[in-house]
Amino acid sequence: MTVHALFFCLRPDPATAARLGAVSDDLVRRFGLRAKASRTERLHVTLHHLGWYDDDQIDQAEAMTEVRQLAEVGAASLRHAPVRVDFDQLLSFTRKRRNLPLVLGGGACLDAVRRLRSALGESLHLGGLRTDPHFTPHLTLFYDDLAVEPQPFIVPGWTATDLVLMDSLQGQSRHVELARWPLA
């Protein structure tokens, strides 16, 4: 049995991922955190989460296939220019008590990401998919039990030139790229 989490995201190129991994490792040392070494292959900014699906249950496996097909049609119909992804804030999300995500976030510097998310959401809605209206654009660096208070933290990102559909295999710490569409 594998539980799958499908989502659209923006992924950094390998050089940017390595640079962000170094930032992550430096933060672990600076704040005295216990986080594991950075997993640069999993760095991304989520745009839309499309649900969790247990492939051991036939109805959920079929639903995942249908959602994936609708998502691919919606993404293929999207016309959007590449977007700049930069960060100006560091903070922990504290919705739970342990295993808190330490993230790079931002204000106006992530407005282009917000606009892309909105355009993708419209394409997905036209195709029959529902999306969550709540969104805080961010890049999760790692998880730790200690919270880091929100603070200014400027980190240059990258220009996202592709929209990516991912499958996060829950409990396996692994993401599988399902499809990719150029932003142009």
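1. At a relative accessibility of 3%, A75 counts as buried, where buried stands for under 20% relative accessible area and exposed for over 50%, with partly exposed in between (1.4 Å probe, protein chains only). The model is predicted, so that local features need pLDDT of at least 70 and side-chain atom pairs count only at pLDDT 80 or more, while totals for chains, interfaces and linings use all residues. Residues are numbered from 1 along each chain as its sequence is written, and side-chain values use heavy atoms, with hydrogens and water left out.

2. A75 belongs to helix 2 (residues 58–77), helices being DSSP runs of H or I with at least four residues and strands runs of E with at least two, numbered from the N terminus. Leaving aside residues up to four places away in sequence, A75 touches F8, L120, L163 and W181, a contact being heavy atoms within 4.5 Å.

3. In helix 2, the buried residues are M64, V67, A71, G74 and A75. Viewed down the helix axis, the buried residues of helix 2 fall within an arc of 95°, so they line one face of the helix; the arc is taken over the directions from the helix axis to the C-beta atoms. On the other side of helix 2, I58, E62 and V73 are exposed.

4. The buried residues of helix 2 pack against strand 1 (3–10), strand 2, helix 3 (111–126), strand 7 (162–169) and strand 8 (174–182).

5. H48, in strand 2 (residues 45–54), is likewise buried, with a relative accessible area of 3%. Among the residues that H48 touches, not counting those up to four places away in sequence, are L6, F8, L120 and T131.
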